[in-house]
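This report covers selected features of one structure. Please read it alongside the sequence and the 3D view.

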Number of protein chains: 2
Amino acid sequence: MAVRLGHVEGGPARSEGRRAATIRDVARHAGVSVATVSRVLNDIPVVRSEMRDRVREAIAELGYRPSSTARSLSLGRSQAIGVVAPFFTTPSVVERLRGVSQRAGHHGYGLMLFDVETPEQRAGAFRDFARLDRVDGLLVISLPLLDDEVEALQRDGLPVVMVDIGHPRVPHVVIDDVRGGELATEHMLARGHTRIAFVGDRPDNPFGFTSSEQRRRGYHAALRKAGVPAAPELEARGRHGREEARALTVALLRCDDRPTAVFAASDTQAVGVLEAARALDLRVPEDVAVIGFDDIEIAEPLGLTTVRQPLRQSGARGADLLLAEIAGAAMQVTELDALAVVERRTT
Amino acid sequence: MAVRLGHVEGGPARSEGRRAATIRDVARHAGVSVATVSRVLNDIPVVRSEMRDRVREAIAELGYRPSSTARSLSLGRSQAIGVVAPFFTTPSVVERLRGVSQRAGHHGYGLMLFDVETPEQRAGAFRDFARLDRVDGLLVISLPLLDDEVEALQRDGLPVVMVDIGHPRVPHVVIDDVRGGELATEHMLARGHTRIAFVGDRPDNPFGFTSSEQRRRGYHAALRKAGVPAAPELEARGRHGREEARALTVALLRCDDRPTAVFAASDTQAVGVLEAARALDLRVPEDVAVIGFDDIEIAEPLGLTTVRQPLRQSGARGADLLLAEIAGAAMQVTELDALAVVERRTT
DNA sequence: TTGAAAGCGGTACCAG
DNA sequence: CTGGTACCGCTTTCAA
């Protein structure tokens, strides 16, 4: 990598020491009081239009823009919401964030991100980030909250909403993961499969992701209803991620009586399953059919059959709940129910 | 979607009106002055250890945590950096963000996101978001800056760093897109292709993305060097995105003397190319070879051959530059040079 | 080594 | 309708 240290052309203005204009500068310039300027700024109608114009002019001339920090301090709110999530290990989170961003922006709220990929970061998130004065509310995505974390948050009076995972004392938006697992399994059953493997997260994963286990319950329920005996040797669980899923699936597909179908608890894992099949020269779906969960963006071009859940909408709805809670609304729980199998080329 | 309005179990603490502890409360509780508490908070060594302990105790007992807003106002810095980018239309941005997040977190900086998907949002970003008091610096990813925007930013004294696109007066981190385009084209040439199509962004796209055109220049350069005449009918440019690329490619592949290879200016577009080939029942790479650009996450499972650029590293480096600039360093320009063709199954 | 007090840049109450 | 001013919660002189 080539690094060029440059002379700064013209020199940065900040070293010129020209202090940014404040509300007092505007007041002086316009020959009014700061109170009046503040009123104009906040569109409080009492101001005479003549004054208003004078102030507006001064603002323009000075290039004044109010300090949001000062405003936050005075108002006691930051006009921003915080989002805590494992953004980079879990692609679906990004899609949910999309919905959050859209709604937050729409309501004039800024977005602070706090990525959580390790247990330390997780602790940091709640220690340093979840401060009522930094953000007006917190959106926690795909991360379970411990009881005492919830308590601490409530003690701080910080509005919180969870997305993808619920908690009895916290507003949240979730889907019926059990039902989703059933749908996936029924899809395979309907295609005549009976040896259907499951690849998902281990229940004691470091972040306590729970949806995988819920989906596995749905898988069991569907098998039971169909009278297909569960086969423990067909269930593989490990660390969340493509690589791990791939490794688990290779093992699964190498055993004597190998499964003819695999239900992966997430699309990310389904991709690993696909890679495993390819590595073993197995055709999909002829030799082994695959279904995932989520319908992330990559699913379509891959031709991956999957259970679609409304990711973006979950973020949007979560943001709406949070905004409502910030505004003082009572706790609300939303269960999104647009789950459906999207059939593509892997089944 | 089922919505449950819940009673709030126990009632949220915020309505109890228990005001959060302030530095004054701590001072009173510990029987010292606020100045002393502040010193303890900031690890200023002059404080007698006895005092220090008393203060620490008070802090613990009251569950006090300092207000970062007040701190920002007093200090004149927010300890946060802002990131402006088209996060959701451009998957590579997310990967870059990963690098940013990692470095920012490492240095104790928060991250504010401002998504820009429309020209209005773009304007809003610079009007409302790029305030020195909201963020200590701005990272602009994959978005070109206009001269007067740069000027405004510099006038405000807001440190800015650009990633993926440069500007003569702004520190930035870029790659050699022309070289990348050459690499991709040479790869095809080396495999005996001479009818190599190009699918990229139109030069007058709404955000002024420029890398596509640079890569096209590299494509031309490579053809020229190889003595292969350029064929204008093999160049298709349109709105950035998979769908558009797909449509363009379908047209390309339907013409009489169709190309045997396609170079897509981004992986996103390459995916569209792949879909087009599939739609026309053309085998890849036998009937048509495909190479993309970026090496985003989806490329590997798709088996897409592509020109890899160090996305995450670009974000990390950009964050480092910004942090350095915030600390007062001179303008720096970094050209990342780890470009390489990653050969997979589409060539 | 500690404390009193003046900011930081807004908002909003209270008079006039 | 407008102005004066006391906050908001923290940092940082300046004196003691």
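## Basis

The model is predicted.

## Surface near DNA strand D

DNA strand D is surrounded by 25 residues. The closest of them are Ser33(A), Ala35(A) and Arg48(A), together with Ile23(B) and Ala70(B). By class, this surface near DNA strand D consists of 15 nonpolar, eight polar and two charged residues.

In chain A, helix 2 (34-41) and helix 4 (68-75) each supply at least two residues of the surface, as do helix 2 (34-41) and helix 4 (68-75) in chain B. Helix 4 of chain B gives the largest share, five residues.

## Nonpolar cores

The largest nonpolar core has 89 residues. Those with the most contacts inside this core are Val83, Val84 and Leu139 of chain A and Val83, Val84 and Leu139 of chain B. Helix 13 of chain A (residues 311-326) supplies the largest share of this core, six residues. Another core, of 76 residues, lies apart from it; among its members are Ala236(A), Ala270(A), Ile298(A) and Leu274(B).

Leaving aside neighbours within four places in sequence, Val83(B) is in contact with Leu97(B), Val100(B), Leu111(B), Leu113(B), Phe114(B), Leu139(B) and Ile141(B). In soluble globular proteins, nonpolar side chains tend to be buried together.

## Pro259(A)

Pro259(A) sits in the loop between helix 10 (242-254) and strand 9 (261-264) of chain A. Pro259(A) counts as buried because it has 24 C-beta neighbours inside 10 Å, and the cut-off is 20 or more.

Beyond neighbours within four places in sequence, Pro259(A) is in contact with Arg195(A), Ile196(A), Ala197(A), Leu234(A), Leu252(A) and Val288(A). The C-alpha atoms of Pro259(A) and Glu233(A) are separated by 9.9 Å, and the two residues are 26 residues apart along the chain.

Notes:
Residues numbered from 1 in each chain as written. Chains lettered and ligands numbered in written order. Predicted model: local features only at pLDDT ≥ 70, side-chain atom pairs only at ≥ 80, totals over all residues. Near = placed C-beta within 6 Å. Helix = DSSP H or I, 4+ residues; strand = E, 2+ residues; numbered from the N terminus. Nonpolar A, V, L, I, M, F, W, Y, C, P; charged D, E, K, R; others polar. Core = buried A, V, L, I, M, F, W, Y, C linked by C-beta atoms within 7 Å. Buried ≥ 20, exposed ≤ 12 C-beta atoms within 10 Å, placed from the backbone. Contact = placed C-beta atoms within 7 Å.
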